[in-house]
Structures are given as C-alpha cells and as structure tokens.
Amino acid sequence: MARRLPPFAALRAFEAAARAGSLADAAEELLISSSAVSHQIKSLETFVSARLFVREQTGLKLTEIGEKYLEGLGDALDRIEASTLSVMQNTKNGGLTIHLFQSLAQMWLIPHLDDFLSANPEISVKLITKPDDIEFSGSSIDIDIHYAMRAPEEHTCEKLIDEVIAPVVSPDYLRHNGPIETPEDLLGRRLIGCDYVPHEWDFWFEKMGVQGSNQTPKLMFDSRSHALLAASEGMGVAMNRRPYGDILLKRGSLIAPFAGEVRTGGAYYFIAPKRSAGLARVKHFKAWLLSLCTGLRAE
C-alpha cells in the first residue's frame with residue numbers, strides 16, 4: 001500500500017517557516033521566494049485538511065494542530081538527516097559549518113585555521129559568527145564552539161578552554177606611562193572595558209585582593225577584539241579573556257605586565273549534534289581543536 005505522504009518540498013517549507021516564524025526568513029533559508037513558501041504551506045494545509053498557521057502582524061503563529069504536527073515532523077526530519085549523514089561518515093571529504101563568536105573567530109580560530117586546512121585539504125570550512133543562540137535542528141551547523149559556565153548536556157561535548165582573565169598592555173604604553181607591577185598600579189590608569197562583561201574589572205580587582213577599587217573603564221567597546229586591539233595601540237589597559245588575546249601576546253603586540261590571572265569558572269566547549277558527531281571530518285576537527293587547546297584547560 002502506498003504511503004500517504006505530502007510532497008517533501010511542502011514539508012520543508014512548513015518546518016522552515018515554523019522555526020523562523022516568518023515567510024521571508026524561511027524563503028531565505030530555502031533559497032526560494034516568499035510566495036513559493038506560502039504556496040507550499042497552503043498545499044500542505046490542503047493535504048492534511050487543517051490550518052497550520054495563523055498570520056499575525058508580528059509574523060506566523062502555529063495553530064494547535066500545527067504545533068503537534070511540527071513536533072513529530074521535526075523529529076522525522078532529524079532522523080532522515082542523521083541517516084543520510086551516517087552513510088557519509090566514513091569519509092573526510094565534504095564541508096564543516098562552525099558557529100562561534102565573531103571576536104573568537106577573529107582573534108583565535110582564524111589565526112590557527114590554516115594549520116587545519118593545510119593538513120586536511122579535502123575538508124572545506126564555513127564559519128558562522130551570528131551572535132544568536134543556535135538550534136542544530138533544521139540548520140546546516142555541524143559544530144558550535146560554545147561558551148558556558150557549565151558543560152552542556154544535550155549534545156556531544158568536549159571542554160576546550162578554561163577561561164582565565166588577566167590585564168594586558170602594549171610595550172609602548174609601559175614606556176610612555178610607567179611600569180605596572182602590582183594590581184594597585186592599575187588604580188587611576190585608563191582601563192578598557194567590554195559591554196558584554198561590564199563588571200569584569202571589579203571582579204578581577206576583588207579576586208586580586210583590591211577591595212572597593214571602583215575603577216570604571218574610560219574606554220568601552222562592544223567586542224573583545226576591539227578592546228584588545230585598542231590596548232595593542234597603546235590606548236590603555238585591557239582585560240584578556242583567554243584565548244582572545246593570546247595571539248597578540250605571542251606576537252608581542254601585548255604583554256601581561258605581572259602574574260595576575262584569575263579563573264572565571266566559564267569555559268569554551270566543542271559541541272556537535274548527534275547527526276554530525278560521528279562524521280569523520282567532525283572527528284578530525286575535534287581532535288585538532290583539542291590538540292590546539294592543550295594546556296588551556298584543567299585536566
């Protein structure tokens with residue numbers, strides 16, 4: 001007996017629109033027009049004889065029937081994708097799509113990535129640096145390099161780096177502004193901060209035993225890379241959050257003026273969904289990352 005299945009294109013359009021909450025975003029993902037997405041959804045609603053969406057000013061909203069349908073359909077599509085990838089898992093050939101913070105890509109991964117590509121010329125790499133939290137289901141992302149205060153449990157996960165913070169300056173800054181040898185020497189200096197962690201200097205001073213320092217950064221940025229690059233230009237003292245400033249420290253553009261590292265409790269993790277964790281190219285990239293991060297995590 002033939003299966004009673006709707007057209008696969010209609011299922012993909014429905015699932016993409018349900019995740020995105022808009023026809024335009026679903027169309028961008030599927031590389032078709034918004035009208036084509038709408039047509040596919042209408043054909044699916046006709047097939048199942050039920051309304052799956054209601055249209056609101058803010059976008060699409062699933063009906064109760066639509067929510068139940070999506071739950072089962074999402075699981076089915078994940079299984080189809082996992083079965084497809086399992087056929088491919090014994091080869092390194094193909095591409096990797098990796099999600100991480102933009103500054104982390106710029107200051108840490110990209111400077112090292114040529115080593116991986118040179119050793120694995122058959123693997124192509126795409127980096128996605130959107131700041132949004134990602135959903136593996138329905139996306140092309142194979143790996144997320146994820147920051148968290150505790151290890152995520154829902155996916156294949158390996159700790160890469162324990163976060164450590166320490167002040168950094170340029171050699172020129174010290175030549176023009178005098179030495180920095182103790183935490184107290186930073187009082188009154190031009191500190192550089194980052195909006196994402198606005199109280200990091202207070203946290204560091206407290207951990208170093210300097211109480212009530214009340215040192216407000218005089219220069220703020222909305223990215224770690226900009227804060228560190230400003231410090232490398234001699235504009236003040238920035239906070240390195242390992243591994244962001246490590247390449248600049250290695251090159252001598254920045255130096256740590258004294259031993260003042262503090263662990264924050266946060267860490268960076270390698271995360272892969274079940275559908276891609278078994279792929280040979282994912283395993284090779286994980287092994288390379290773990291080797292790259294040797295010495296940067298508590299064993």
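Predicted model: local features only at pLDDT ≥ 70, side-chain atom pairs only at ≥ 80, totals over all residues.

Colleague: Noted. What volume does the largest pocket have?

Modeller: The largest pocket comes out at about 790 Å³. Its lining has 18 residues, and those nearest the centre are Arg 19, Glu 29, Lys 130, Ser 139 and Ile 141.

Colleague: Which elements give two or more residues to that lining?

Modeller: Those are α1 (8-20), α2 (23-30) and β4 (123-128). The most comes from α2, with 3 residues.

Colleague: And by class, how many nonpolar, polar and charged residues are in the lining?

Modeller: The lining of the largest pocket has 9 charged, 5 polar and 4 nonpolar residues.

Colleague: OK, switching to the inside. Which residues have the most contacts in the largest nonpolar core?

Modeller: Leu 109, Ile 145, Phe 285 and Leu 289 do, in a core of 38 residues. Elements supplying at least two residues each include β3 (94-99), β5 (143-148), β10 (262-272) and α11 (280-292). The largest share is from α5, at 7 residues.

Colleague: Which residues does Leu 109 touch, not counting those up to four places away in sequence?

Modeller: On that count, Leu 109 touches Leu 100, Leu 104, Leu 127, Ile 145, Phe 285, Trp 288 and Leu 289. There's also a second, separate core of 21 residues, which includes Ala 10, Leu 11, Leu 52 and Phe 53.

Colleague: What is Ile 143 in contact with, leaving aside neighbours within four places in sequence?

Modeller: Ile 143 contacts Leu 96, Thr 97, Ile 98, His 99, Phe 136, Phe 270, Ile 271, Val 282 and Phe 285. Lys 286 is 143 residues away from Ile 143 along the chain, yet their C-alpha atoms are separated by 9.1 Å.

Colleague: Why do you say α8 is largely enclosed by the rest of the structure?

Modeller: Because 7 of the 9 residues of α8 are buried. They are Arg 224, Ser 225, Ala 227, Leu 228, Ala 230, Ala 231 and Ser 232. After α8 comes Gly 234, with a positive phi near 80 degrees.

Colleague: Speaking of phi, which residue has a positive phi of about 60 degrees although it is not a glycine?

Modeller: That's Leu 31, in the loop between α2 and α3 (34-48). Leu 31 is exposed, at 76% relative accessibility. Ser 49 also has a positive phi, near 55 degrees, without being glycine. Ser 49 is in the loop between α3 and β1 (53-56), and it is exposed with a relative accessible area of 66%. For background, most residues other than glycine have a negative phi, and most peptide bonds are trans.

Colleague: Where is there a cis peptide bond?

Modeller: The cis bond joins Arg 242 and Pro 243, with omega about 15 degrees. Pro 243 belongs to the loop between β9 (238-241) and α9.

Colleague: Last topic: the outside. Is Tyr 196 buried or exposed?

Modeller: Tyr 196 is exposed, with a relative accessible area of 63%. Tyr 196 is in the loop between β7 (192-194) and α7. Leaving aside neighbours within four places in sequence, Tyr 196 is in contact with Asp 222 and Ser 223.

Key
Residues numbered from 1 in each chain as written. Heavy atoms only, no water. 1 Å grid on protein atoms, 1.4 Å probe; cavity = no way out; pocket = protein on both sides within 12 Å on 5 of 7 lines; lining within 4 Å. Points joined across faces, edges and corners; volume = space filled by probe spheres on them. Helix = DSSP H or I, 4+ residues; strand = E, 2+ residues; numbered from the N terminus. Nonpolar A, V, L, I, M, F, W, Y, C, P; charged D, E, K, R; others polar. Core = buried A, V, L, I, M, F, W, Y, C linked by side-chain atoms within 4.5 Å. Buried < 20%, exposed > 50% of the residue type's maximum accessible area, 1.4 Å probe, protein only. Contact = heavy atoms within 4.5 Å.
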